[in-house]
Amino acid sequence: MRIGCHLSVAKGFAAAVKVAPTLGANAFQYFTKNPRGFRNAKPLDRLDADRGRALMQELDIIAIGHTPYLINLATPDDGLYQTSIQALVQDLAIAEARGTYGVVVHCGKPKDEPRAWGIERMQHALRTVLEESHSPGVLILVENTAGQGSEIGSTFDELMAIVDPFSPEEVGICFDTQHAFAAGILTADNPGAFEGFSNPDFMGRLKAIHLNDSKVPFGAHKDRHELIGRGYLGGAGIAAIVNDPRLRTIPFYLETPVEQERQYAEEIAAVKALLA
Ligand SMILES: [Zn+2]
Ligand SMILES: [Zn+2]
């Protein structure tokens with residue numbers, strides 16, 4: 001099983017790779033840039049990236065990047081739209097230099113524009129990114145949302161509509177269990193009934209699962225993660241997900257609200273304890 005968590009790269013990428021196994025992780029996620037902003041991004045440290053890439057091979061660890069939250073690929077604001085596109089192009093290059101297989105980006109928010117407009121806007125953004133980027137080895141991983149505010153991509157149909165025009169070798173899916181639960185498309189008592197898990201197109205694109213419990217009830221449409229087993233998805237819900245044979249080869253990444261990074265050792269152990 002591939003399991004890990006979100007790790008800080010404040011001390012460098014190679015340092016994060018070294019931390020992973022000490023927490024029981026053989027996979028991890030990192031922010032490509034400061035999560036709350038994309039200006040003043042530090043230039044990529046090539047030596048650190050090379051070192052981290054070599055270490056990942058040596059220790060058998062895989063990783064993905066996560067774009068900053070300010071990226072909005074469906075925004076009506078042209079300035080933010082262009083900045084978001086350029087930021088994702090840059091993040092793909094960072095991910096490639098580090099030998100990491102994907103970059104997660106949330107579905108966008110079209111504000112007062114219709115959802116169908118938002119879907120087309122996001123597709124146009126993805127098309128532009130793919131044309132401008134030279135990182136063919138790295139997947140764009142589109143993440144489902146909780147459906148907070150005007151967020152698109154909270155339903156199965158919307159998520160699939162967004163990725164549909166693209167090849168699965170270019171655009172994959174990162175499925176967040178908390179977002180899906182809050183969006184009302186994944187239940188706690190029978191998560192295996194989620195439509196995507198029996199859909200070949202969805203499964204062909206599913207390259208990462210954000211395994212999070214939920215601080216808010218089913219259908220609350222809020223993005224609020226909780227520690228494993230402490231939320232509304234609960235231990236039984238999480239157990240059903242990690243033991244689903246259809247998900248055996250998909251890497252799980254925890255983004256649960258730990259006080260400090262070390263606590264992920266307990267979170268990962270809690271998930272492993274749920275394995276049948
Ligand atoms: Zn997530
Ligand atoms: Zn979230």
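**A parallel barrel, strand by strand**

Reader: What do the eight strands close into, and in which order?
Author: They close into a barrel in the order β1-β2-β3-β4-β5-β6-β7-β10, with parallel pairing. Two strands count as paired if DSSP finds at least two bridges between them. Neighbouring strands of this sheet are turned by 30 degrees against each other on average, direction ignored.

Reader: Where does this model come from, and how are residues counted?
Author: This is a predicted model, in which local features need pLDDT of at least 70 and side-chain atom pairs count only at pLDDT 80 or more, while totals for chains, interfaces and linings use all residues. Residues are numbered from 1 along each chain as its sequence is written, and chains are lettered from A and ligands numbered from 1 in the order in which they are written.

Reader: How many helices and strands does the protein have?
Author: Nine helices and ten strands. Both are DSSP runs numbered from the N terminus: helices are H or I with at least four residues, strands E with at least two.

Reader: How many bridges join β1 to β10?
Author: Three bridges join β1 (residues 3–6) to β10 (residues 252–254), and the two run parallel. G4 has Y253 as its bridge partner, and C5 has L254.

Reader: And what stands opposite C5 in β2?
Author: F28 does. β2 covers residues 27–31 and is joined to β1 by three bridges, again in parallel.

Reader: Which helix goes with β1 and β2 in the β-α-β unit?
Author: Helix α1 (residues 13–22), and the unit is right-handed. That means that, with the strands pointing away from the viewer, the path from the first strand over the helix to the second runs clockwise.

Reader: Switching to helices: at what angle do α4 and α5 pack?
Author: About 35 degrees, with the axes of α4 (residues 115–132) and α5 (residues 156–163) 9 Å apart. Axes are lines fitted to C-alpha atoms, for helices over the stretch in contact, and angles run from 0 to 180 degrees between N-to-C directions.

Reader: Which residues meet there?
Author: R115, I119, M122 and Q123 in α4 meet E158, A161 and I162 in α5. Contact requires C-beta atoms, placed from the backbone, to lie within 7 Å.

Reader: What does the protein span along its principal axes?
Author: The C-alpha trace spans about 45 × 45 × 35 Å.

Conventions:
Two residues are in contact if their C-beta atoms, placed from the backbone, lie within 7 Å.
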